[in-house]
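Please read them alongside the coordinates.

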Amino acid sequence: MSPLSSSLLNPRLSFSLKPLFLFSQSSFAPRKFQIPRQFVSAKRKTFSALASEQSSATDNGGRSGGGGRSGALSPSPVVEEVQRIDVNPPKGTRDFPPEDMRLRTWLFNHFREVSRLFGFEEVDYPVLESEVLFIRKAGEEIRDQLYCFEDRGNRRVALRPELTPSLARLVIQKGKSLSLPLKWFAIGQCWRYERMTRGRRREHYQWNMDILGLPEVTAEAELISSIVAFFKRIGITESDVGFKVSSRKVLQEVLRCYSVPENLFGKVCIIIDKIEKIPIDEIKRELNATGLSEEAIEELLQVLSIKSLTKLEEILGGAGEAVAELKELFSLAEKFGYSEWIQFDASVVRGLAYYTGIVFEGFDRQGKLRAICGGGRYDRLLSTFGGDDVPACGFGFGDAVIVELLKEKGLLPELNLEVDNIVCALDYDLQGVAAEVATKLREKGQSVDLVLESKPLKWVFKRAARTNVQRLVLVGNTEWQKGMVGVKILSSGEQYEIKLDELE
Amino acid sequence: MSPLSSSLLNPRLSFSLKPLFLFSQSSFAPRKFQIPRQFVSAKRKTFSALASEQSSATDNGGRSGGGGRSGALSPSPVVEEVQRIDVNPPKGTRDFPPEDMRLRTWLFNHFREVSRLFGFEEVDYPVLESEVLFIRKAGEEIRDQLYCFEDRGNRRVALRPELTPSLARLVIQKGKSLSLPLKWFAIGQCWRYERMTRGRRREHYQWNMDILGLPEVTAEAELISSIVAFFKRIGITESDVGFKVSSRKVLQEVLRCYSVPENLFGKVCIIIDKIEKIPIDEIKRELNATGLSEEAIEELLQVLSIKSLTKLEEILGGAGEAVAELKELFSLAEKFGYSEWIQFDASVVRGLAYYTGF
């Protein structure tokens, strides 16, 4: 029975008689292509009829090789509607085409290698977390810019702005099964939702190193040591960058003198952290608003201007923890060999509410860039999540500023694509042999770009130049009849024939 | 002037006299700890007074080393409210503690190394993309389970369910600056929003290898070759696994005989892809609903049951592209040395609307 009569008899198929557009209606972007087709056909076509239709349509003297591919030149209509998409990634995000990916891989390899050299273990967590993990009511910028939303199940979730809360969550989860001290690192993408007027990014990758279970200042000293090691590996010296170090306990001690409650502490620090970014009167106003007296504010601001540990000791006295810990850190820096890299600066508080002790940030000595990295001690984060407190310290190191710094210093590595071999069959029937050569070389750990189409030698040479290939292996009839292949070393121009078994 | 008298004189500071709870009110989860503190203090304490308060509180014969650390044993109150959080990662997602991370790193290293050996370059794209990139109206499962939402700027975005549309976007963006053929790979996390009753994951990492700019079947042959190389590296052999191969052109040829419009093609494939998952009557019903005649459906289903390329050639004839390309692939597999790994199976269509050949 022909399709037409069967559809007439079958009411369910009645719409098969309707014109094409019924199936194409859409509320999306305007269609670009539409080649009308008759849906109703009197009879089923045979396969051979179809085949001759096809070959007449695609007879374009195209490519060689079996299979008569229609490829891109076929007149087949577009099966999907065309929706013009924005070819750029979403606002504030980045694509990583090969050249950018090479730089990123280079950077991450250094992060990983330094972490490995310091005996840290790698971990990872979901990029999506419950929003609750990041809601701290201290007025941090990180909270204002939280990239949160409601998922399809109406749960409040967020793309993480930082890695530390996830670390805390996982540590609480693992509980007693963890052996302290714990030295973990992670390299993860973090997000923020920021107004795009400033052309800033909405995502970046962050290298984190954390030590849990060690209350001693030696932990902070080791962390700073690892960042110094990283800088040295990529050619950055103490004349390029430095670390400003202070302690939250300095502020704590001042505020305690004024009996300011501990739960306001985080808020006060967040305000102080804005000191270089908003006018001093605004800072004073905000501090006032949290309930600090003018006297307290004055003293606080005075203390924050201190750039010498000796001066600090004069003011605070030698008995408190703040000064003692800082002196300990500077003493360790001396012993660990990086005194030249660090300096005391009481104005460093950092912008996260949960720091409880030593805080530090890496800065560029020329003063052109934002903070390169930052970290500190956070002994009481876990209890805010309902877990038992564990002493903890760590740092975050972003992938953006460091690249700007390397550019400034002319230290960006030149990373080209490097493939060891291009293997090419000079005659179509030798495609299989070429593949065999490729497999052999790959089994020996050599990378091979196998030419998969019939191309002139000139094209192959051009490709070899572009990919910095060391060697070209050519499979041609004449050589192959002798069981050999042709080899050309591109750097020297040397050329020779060699037996397949002897190819290294 | 003492803090107290200055606050009395300064109306702006009047709330400094209010009790603590005003600053702690919250609509969030119930508080776990709260140690009340006097905010109002008659006079400023000296640093030395503070220090002696501190050392008497922390005199616990604790840790050695300078600095008299209070560490975890200090009675200092919690500076933040406590919110009991769920220690598990979000439903359907995973944490990677060290042991799991080691396995993942091992696996990804093999992905990368094979890609490198085949001369592919690594790329990456944002895990968040415009939703539009994934809206294909063919009824794919990938679309039903799209993890989409509205961002804070009311834009419809989605956590990518696959990497291919991003690749396409980037290739269009780069345009003529790209040198073909292009051999790119990526390892990226992909997401879906699925009802959790089935205990399934909502995210996974996917290794992708793509060749752009090559119409020849040698490209597919090379891709399968790379997966064979990967399996061999990790100790999997042809007795453990295999590849079922077919071509969308097989279905195309059948449908063309019935003059079914090309724009229904994707839909038909998606329905066919469900053959092992839903009853055959349901399949027939859905095919009917797209407008296929019963005759067309019968023939389609018959063709789909073919497991031999020779048989397929008998049915479709040797002139069409479907058979020719498949024969070419099997010939290349022979030359590339992995015939034992692949077999023809006409029922393989795969669940993505955009496949045009294999």
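1. Between domain 1 of chain B and domain 2 of chain B, one residue pair is in polar contact, both residues being at pLDDT 80 or more. A polar contact here is a pair of N or O atoms within 3.5 Å; within protein, one must be able to donate a hydrogen and the other to accept it, and residues adjacent in sequence count only if both atoms are side-chain atoms. Salt bridges between domain 1 of chain B and domain 2 of chain B number zero, a salt bridge being a side-chain nitrogen of Lys or Arg within 4 Å of a carboxyl oxygen of Asp or Glu.

2. On the side of domain 1 of chain B that touches domain 2 of chain B, the elements giving two or more residues are helix 4 (98-117) and strand 6 (203-212) of chain B. Helix 4 of chain B gives the most, seven residues. By class, the residues of this side are 12 nonpolar, three polar and five charged. The nonpolar class holds Ala, Val, Leu, Ile, Met, Phe, Trp, Tyr, Cys and Pro, the charged class Asp, Glu, Lys and Arg, and the polar class the others, Gly among them. Helices (H or I, at least four residues) and strands (E, at least two) are DSSP runs numbered from the N terminus.

3. The model is predicted: local features need pLDDT of at least 70, side-chain atom pairs count only at pLDDT 80 or more, and totals for chains, interfaces and linings use all residues. Residues are numbered from 1 along each chain as its sequence is written, chains are lettered from A and ligands numbered from 1 in the order in which they are written, and side-chain values use heavy atoms, with hydrogens and water left out.

4. Where are the domain bounds in chain B? Domain 1 covers 96-213 and domain 2 covers 216-357, the bounds coming from an automatic or database domain assignment. Their C-alpha centres are 24 Å apart. Domain 1 of chain B brings 20 residues to the contact and domain 2 of chain B brings 16 residues, with contact meaning heavy atoms within 4.5 Å. About 1500 Å² is buried between the two, 73% of it from carbon and sulfur atoms. Buried area is the accessible area (1.4 Å probe) that two parts lose on being put together, summed over both.

5. In chain A the assignment gives domain 1 as 98-409 and domain 2 as 419-502. The C-alpha centres of these chain A domains are separated by 53 Å.

6. Over all chains, the salt bridge count is 60. One side-chain pair that meets this way is Lys327(A) and Glu313(A), at 3.1 Å from N to O. Lys327(A) belongs to helix 13 (residues 321-336) of chain A and Glu313(A) to helix 12 (residues 309-316) of chain A, so the pair, 14 residues apart, links what are classed as distant parts of the chain.

7. Strand 4 of chain A has two pairings to check, where a pairing needs at least two DSSP bridges. Strand 2 (residues 128-130) of chain A pairs with strand 4 in the antiparallel sense over three bridges, and Leu128(A) stands opposite Leu159(A). Strand 3 of chain A also pairs antiparallel with strand 4, over four bridges; there Tyr147(A) has Leu159(A) as its bridge partner.

8. Strands 3 and 4 of chain A form a hairpin with five residues between them.

9. In chain B, strand 3 (residues 147-150) and strand 4 (residues 156-159) run antiparallel and are joined by four bridges. Phe149(B) has Val157(B) as its bridge partner in strand 4. Five residues lie between the strands of this hairpin, and Asn154(B) takes a positive phi near 65°.

10. Which peptide bonds are cis? One is the bond from Leu180(A) to Pro181(A), with omega near -5°. Pro181(A) sits in the loop between helix 6 (164-174) and strand 5 (182-191) of chain A. Another is the bond from Leu180(B) to Pro181(B), with omega near -5°. Pro181(B) is found in the loop between helix 6 (164-174) and strand 5 (182-191) of chain B.
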